[in-house]
Amino acid sequence: MKRSLAILAVLLAVFPAYCQGSLPPKSPDASIGKFVIDNFESGDFKKGRDWWTFDRATTKFIAGNNSRYALELKGDAHDWYVGGVGTYLAQKGQDLSRYDLFEMDVYGTGPDSGSLKIEMYQGTKGKGVLYENPKKGYDPKYVDRFVYNMKVDWKGWKHISAPIMEFVNDNPEARDTVWNPKPVNGSGGLLQIQIVAAAGSRSGRIAMALDNVELKESEHKRK
Ligand SMILES: [Ca+2]
Ligand SMILES: [Ca+2]
């Protein structure tokens with residue numbers, strides 16, 4: 001499966017990036033209580049965050065909602081599944097545990113826009129490296145994979161705000177299954193995010209756009 005190859009690419013890429021402590025372009029902005037994963041304003045899939053696309057997903061930069069760029073996500077389904085996009089977030093010493101919301105703007109094209117699964121990979125204490133176990137269906141060992149599903153059935157832009165406590169671990173190979181995105185005792189903290197799309201029918205297609213992908217601190221938490 002190409003998706004497995006995408007995960008393999010993660011293994012090859014995250015480990016050295018994390019070990020070398022290389023600096024991604026964005027860092028948490030404590031003054032406004034949010035961590036911008038990407039707003040796509042670079043208009044480039046490799047500048048800013050370095051994103052990858054997998055399986056039948058296709059991407060394009062289009063005009064955003066009150067912003068220069070958003071990321072269009074389209075693709076044809078095979079057995080409902082289309083594919084998606086992902087990016088590395090691991091950074092040495094990066095503590096994201098203050099954020100309790102996942103937020104994103106999603107442009108829908110109507111009732112059959114498709115559905116999205118947000119996957120956040122988080123290293124287990126003492127086991128910060130994302131690697132896969134081929135005998136276990138390519139589920140990365142010692143890594144929590146917190147997922148959240150949403151159906152996109154609207155037309156136009158909509159702001160999504162999902163409490164991280166509503167994300168559930170779906171990786172049988174995970175060890176602690178606790179959301180602790182803080183690199184302590186060798187854990188990699190939050191390693192990567194993937195946004196995975198499926199169609200509303202077996203051979204349907206998806207058509208949507210994404211912008212302002214963020215982790216945020218809820219207002220009651222900031223007080
Ligand atoms: Ca934007
Ligand atoms: Ca964990």
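I began at Leu-73 and, leaving aside its neighbours within four places in sequence, found it in contact with Ala-57, Thr-59, Val-85, Ala-197, Ile-206, Met-208, Ala-209 and Leu-210; contact here requires C-beta atoms, placed from the backbone, within 7 Å.

The model is predicted, so I note that local features need pLDDT of at least 70 and side-chain atom pairs count only at pLDDT 80 or more, while totals for chains, interfaces and linings use all residues. Residues are numbered from 1 along each chain as its sequence is written, and chains are lettered from A and ligands numbered from 1 in the order in which they are written.

I next looked up the largest nonpolar core, which has 44 residues, with Leu-73 and Leu-210 making the most contacts inside it. Such a core is a set of buried Ala, Val, Leu, Ile, Met, Phe, Trp, Tyr and Cys residues joined through C-beta atoms within 7 Å, where buried means 20 or more other C-beta atoms within 10 Å, exposed 12 or fewer, and partly exposed in between. Among the elements giving two or more residues to this core I listed strand 4 (70–76), strand 13 (190–198) and strand 14 (205–216), strands being DSSP runs of E of at least two residues, numbered from the N terminus. Strand 13 supplies the largest share, 7 residues.

I then checked backbone angles. Asp-55, in strand 2 (residues 51–55), has a positive phi of about 55° although it is not a glycine, and it is partly exposed, with 17 other C-beta atoms within 10 Å. Asn-66, in the loop between strand 3 (58–62) and strand 4, is likewise a non-glycine residue with a positive phi, about 60°, and I recorded it as exposed because 9 other C-beta atoms lie within 10 Å.

Terms used. Helix = DSSP H or I, 4+ residues; strand = E, 2+ residues; numbered from the N terminus. Contact = placed C-beta atoms within 7 Å.
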